[in-house]
Structures are given as C-alpha cells and as structure tokens.
Amino acid sequence: MKLILEKEDQKVLGVIIAFLLVFFLINILIKWKMFGLYSNTAQESWLSGVSSIFVQNWLQDGILNLNFGMFRTFDSIEMRNFSDREVYSSFLPGCLILPYLVAKIFSLEANLLYFEIWACLFHFLGSLCVGLISFLLCKSLKLSHKEAFSYSLISGFFYIFGYLNFMQLDFGYYTDTSIYLIYLLFLLTEFSNSSKIRLCLKGILIFVGLSFEWYFVSITFVSLVSELFRKESRGVCSWVLLSHLGPFFLALGLYIYQLFILEKIDHTYLRFMRRTVFNSVSESAFKNSLSGLWQKLCLKHGVMVICSEIVFFWNLLESKFFKENNIFQNLTVIAFASSFIQILVAFEHSAEHFFSGIKLMIPVVIFLPFFAKEISILVSR
C-alpha cells in the first residue's frame, strides 16, 4: 500500500507540528530555572556534563590528535599520554560529532547549558517523529483526519511530558538519550513506499545508530529478522543482508580500531561483561547480587515493563489493526522486541539507569491511542 500525503494531510500535519511546538515550549517554561545547573544526584546532569568535558577536550587538543577518544581529564603536566588520561571507551563518539562541529565552526563554549540545548532539540524532534509515526499509521489504517490529528497529539504529548522523558531528555545529552531520535527515524523508514529506499535508509541509520549507542545492535537484529520474513523481501534477500550487516560490521570495525589505538580493548571487554547479562554480578562495580539487580530493574522500570507488555501482547493477540495492516505489524515487532532484548541483554546497565526505561516508553506512547480506541470499543459492547 502506497502512502501519499495529500494537501489536506499536509495541513493537518502543520497543525500537529504547531501544537507540539506549543506543548514543548510549555515544557521548557516549566523547567526554565533549572537549565545550566549541575546536580550530582541527577543522571541527566552527568550525561550532559561528560559530553561537555569530552567536546571541550576535542576543542582544546584537537579531535584528530585525540583519535576521537572521549577523555574525562584535561591535558596537564601530570597527564600527558593516553594511558595517563581517563578514556571513556564504552561507545563510539558519534553523538558528539555534530555538537563538536557546531561549537568549532561558531566558536561556542561547549558547557553544560550548550548540551542541554542539544538535548531539548533532540527531544522536540523526537516528539515530531512520534507524532508523524502515529499520523502515518492512521493514514495506512484509513482512519479519519480527526482521528489522525488526535492520535498524533496524544502520542507527541506523552513523548514530551512522559514521566521518564520529562527530565531525562531535556537535560541529558549523551549516547543513552540522543539515540532515541535515531531510533524514531529508523521506525519512520517502515512507511517508505519503496523496499530498496527503505533498506538504504535503514543501512545509513544502522551505521549512525551504532556510532551513537549499542541499542542499535538489538534494533539491527530484530529488523533483519523482520525483513527476511516479509513477502516483498524474498527477491532481495542479499540486499536485506547487505543493508543490515554491512553498516553493522563497518561500525563495529571502527570501534575495535579505536579501542586498539587507545589501548582499551581489555578494559572495554571487562566493562562489557559486567554491564551485560553475561557476568553482571561478579564483575559489577556496584557489587550487586542477582536478586538485587532484579529488584532495581523492577523498581526503576516495573511500570513501563507492565505497560509495554500489555500493549505488545494486545497488539499481537487481539488488535484488529495488527491483523489487518503490515506496517502496524512491522512497527510493533521492531519497536517492542528490540527494546525487550536490549533491556535484558544490557542487564546491569538497565537496572542502574532510569533512562533505559525510555526504550519501553517510546513504543507505548506510539501505540497508546490505538490501544485505547480498541479497549473503548470492547468496553462499549
């Protein structure tokens, strides 16, 4: 089914964008006095704080001289070599490239407020993507413009004011929060009218996403499986594999090369083991027991786990939209399955950080209006 945006669709989208902009400005006004203030107890302050340190080092010492390394300490008499300066090597530095270039070109100070502005920009663009996904879903389901308008506003509103997003995405800019915009752009590729264009866009976003955060490992895996089981992909299986595995291994190769030149391969391997489900307890810097990690996971994300499972299994088992529409099916599988896999594989990381729950919140806010409509119909019978 080809999706074509007619003039009436464009007008409705324009009104949706205007409303979401108003919602976001209200969101900013509520928090206005909090911008630029660092808090030792807020994870979002740490995210923007380390981003500021990393980019200030790049601006001061030269990004090429530092081999794109994310250094937590500044150059000094006591710390002259890579081995002396603390390097954060858990991710590729893709999320910092654009803020670095803007700061470099316009001679801006890459301080805490600077990265909070980037966080707000990504948050707002994410709300537009969520609204657009809901709108296009409505169009593919042949719902009315009135329903498309209301569903898009509901999804966008909850993306802006959702209890996890409300603080994390406006004040925290680093790999763990900036990745959600790339993730939403990836979901939007499902609405492409051309399989080849969709796969090409996915390939680009997989490389960009992996340069931001490892969440795209699970997204790549789920998307690849999803694509291989589609009827339209049967004649282009090699292109499906190339579009997913090509950028995946390219990004992974760049990461391994950077670890090698920064002499961080052994350190990163140990960190990977304790951050994931493979050895999260015995190697944990937090000295958690397995039961303690489960308790933290349930306390931090229990509400979103329950909400996401209800919506996910409703879509799979009961939703009329899911049964009748391929795009609805593909989005449900990719959005929910990739989030569940990432939460479980990155077990300790998920248990320790509130922002990991946003992975579950995003598909919930997208599908919430559709879920509510079907429940209301069921109740009224």
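Student: What kind of model is it, and which pLDDT cut-offs apply?
Tutor: It is a predicted model: local features need pLDDT of at least 70, side-chain atom pairs count only at pLDDT 80 or more, and totals for chains, interfaces and linings use all residues. Residues are numbered from 1 along each chain as its sequence is written, and side-chain values use heavy atoms, with hydrogens and water left out.

Student: How many helices and strands are there?
Tutor: The protein has 16 helices and 2 strands. Both are DSSP runs numbered from the N terminus: helices are H or I with at least four residues, strands are E with at least two.

Student: What share of the residues is buried?
Tutor: Of the 381 residues, 53% count as buried. Buried means under 20% relative accessible area, exposed means over 50%, and partly exposed is in between (1.4 Å probe, protein chains only).

Student: And the contacts with a separation of 6 or more: what part comes from residues 24 or more positions apart?
Tutor: Those residues account for 75% of them. Contact means heavy atoms within 4.5 Å.

Student: Next topic. How many aromatic pairs does a search of the whole structure find?
Tutor: The search finds 37. Rings of Phe, Tyr and Trp (its six-membered ring) pair if their centres lie within 6.5 Å; planes under 30 degrees apart count as stacked, over 60 as edge-to-face and the rest as tilted. One of the pairs is tryptophan 46 with tyrosine 88, edge-to-face at 6.3 Å centre to centre and 70° between the planes.

Student: Where do those two sit in the chain?
Tutor: Tryptophan 46 is in helix 2 (residues 43–61) and tyrosine 88 in strand 2 (residues 87–88), so the pair links distant parts of the chain, 42 residues apart. Tryptophan 46 is partly exposed at 33% relative accessibility. Tyrosine 88 is buried at 11%.

Student: Give me another pair.
Tutor: Phenylalanine 328 and phenylalanine 370 are edge-to-face, 5.7 Å centre to centre with 80° between the planes. This pair joins helix 14 (residues 326–345) to helix 16 (residues 358–380). Phenylalanine 328 is buried at 1% relative accessibility, and phenylalanine 370 is buried at 1% too.

Student: Which aromatic cluster holds Phe328 and Phe370?
Tutor: One cluster includes both, and among its other members are Tyr151, Phe312, Phe336 and Phe367.

Student: Which charged end sits over the ring of tyrosine 215?
Tutor: That of lysine 359, 5.2 Å from the ring centre. The test is NZ of Lys or CZ of Arg within 6 Å of the ring centre and within 35 degrees of the ring normal.

Student: Let's look at single residues. Is alanine 119 buried or exposed?
Tutor: Alanine 119 is buried, at 2% relative accessibility. It lies in helix 4 (residues 112–140). Alanine 119 and aspartate 170 are 51 residues apart in sequence and 5.1 Å apart in space, C-alpha to C-alpha.

Student: And where is tyrosine 174?
Tutor: Tyrosine 174 is in the loop between helix 6 (165–171) and helix 7 (175–188). It is buried, at 0% relative accessibility. Leaving out residues up to four places away in sequence, tyrosine 174 touches residues including Trp46 and Tyr88. Those two form the edge-to-face pair we started with.

Student: Last topic. How many salt bridges are there?
Tutor: The whole structure has 8. A salt bridge is a side-chain nitrogen of Lys or Arg within 4 Å of a carboxyl oxygen of Asp or Glu. One of them joins lysine 139 and aspartate 9, at 2.8 Å, N to O. Lysine 139 is in helix 4 and aspartate 9 in helix 1 (residues 7–30), so the bridge ties together parts 130 residues apart in sequence. Aspartate 9 is buried at 2% relative accessibility, whereas lysine 139 is partly exposed at 21%.

Student: What about lysine 373? Which residue does it meet?
Tutor: Lysine 373 meets glutamate 147 in a salt bridge of 2.9 Å, N to O. Lysine 373 is in helix 16 and glutamate 147 in helix 5 (residues 145–161), 226 residues apart.

Student: Which residues are linked in a network of salt bridges?
Tutor: Glu190, Arg198, Lys202, Glu227 and Arg230.
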